[in-house]
Amino acid sequence: MTDPGCIFCGIAAGTAPAHRIAEDDRVVAFLDLFPAAEGHTLIIPRVHAENLYEAGEEDLAAVAVWSRRIAHAIRRALAPDGLGVFQLNGSAAGQTVFHYHMHLIPRRAGTPLALHGRRRGEEAELASVAERIRKVLARETPASA
Ligand code: AMP
Ligand code: ZN
């Protein structure tokens, strides 16, 4: 279920800090600490699985449902021009944290494409953007999101 050396297992368990956006019994969503853009969000299953090959189908389905809900909330809260939704499998693909996760990266027209951020986000900025996304999520029922 949990890998003691895994930072995302720590976030899921609440023993490692994160700017949490949403969660249920299967999934946790939180802001990326090195955002490629404002609002860069990660969605993980609570159960540790390294990648797409290892993750269970019900966890993958739950991540997909939350991807859509949070995509709507990001669109409403931040009004990006586009939204990248993707995940990486294996270091050759660019994966750096080996606990399955979906990236949601708001995109602005005319800015260079980047999968990863270069600098750690400012705590106050992360807290503020997390609050903006959470507020929209709280207003909307899952069915209407
Ligand atoms: P990937 O390259 O797809 O494995 O992405 C891993 C992502 O996790 C990167 O975008 C990192 O910035 C992000 N990351 C690493 N450690 C943390 C952390 N403690 N909290 C939030 N995001 C993290
Ligand atoms: Zn893990």
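I count four donors as tetrahedral if all angles lie between 85 and 135 degrees. Donors here are N, O and S atoms within 2.8 Å of the metal (3.2 Å for Na, K and Ca), and water is not among the atoms, so sites may look incomplete.

**Ground rules.** I'm working on a predicted model, where local features need pLDDT of at least 70 and side-chain atom pairs pLDDT 80 or more, while totals for chains, interfaces and linings use all residues. Residues are numbered from 1 along each chain as its sequence is written, chains are lettered from A and ligands numbered from 1 in written order, and side-chain values use heavy atoms, leaving out hydrogens and water.

**Zinc.** I looked up what holds the zinc ion (ligand 2): Cys6 (SG), Cys9 (SG), His48 (ND1) and His99 (ND1), at 2.0 to 2.3 Å. The angles among these four donor atoms run from 105 to 117°, so I noted the site as tetrahedral. Along the chain the donors are spaced C-x2-C-x38-H-x50-H.

**Burial.** Cys6 is buried because its relative accessibility is 11%; Cys9 is buried at 3%, and His99 at 0%.

**Ligand 1.** I found 17 residues around ligand 1, with Asp32, Thr96, His101, His103 and His116 the closest; a residue counts if one of its heavy atoms lies within 4 Å. A polar side-chain atom of His116 sits 2.5 Å from a ligand 1 oxygen. For His103, a side-chain N or O atom is 2.7 Å from an oxygen of ligand 1.

Definitions and conventions. Buried < 20%, exposed > 50% of the residue type's maximum accessible area, 1.4 Å probe, protein only. Tetrahedral: all angles 85-135°; square planar, octahedral: opposite > 155°, others 65-115°. Polar contact = N/O pair within 3.5 Å; in protein donor to acceptor, adjacent residues only side chain to side chain.
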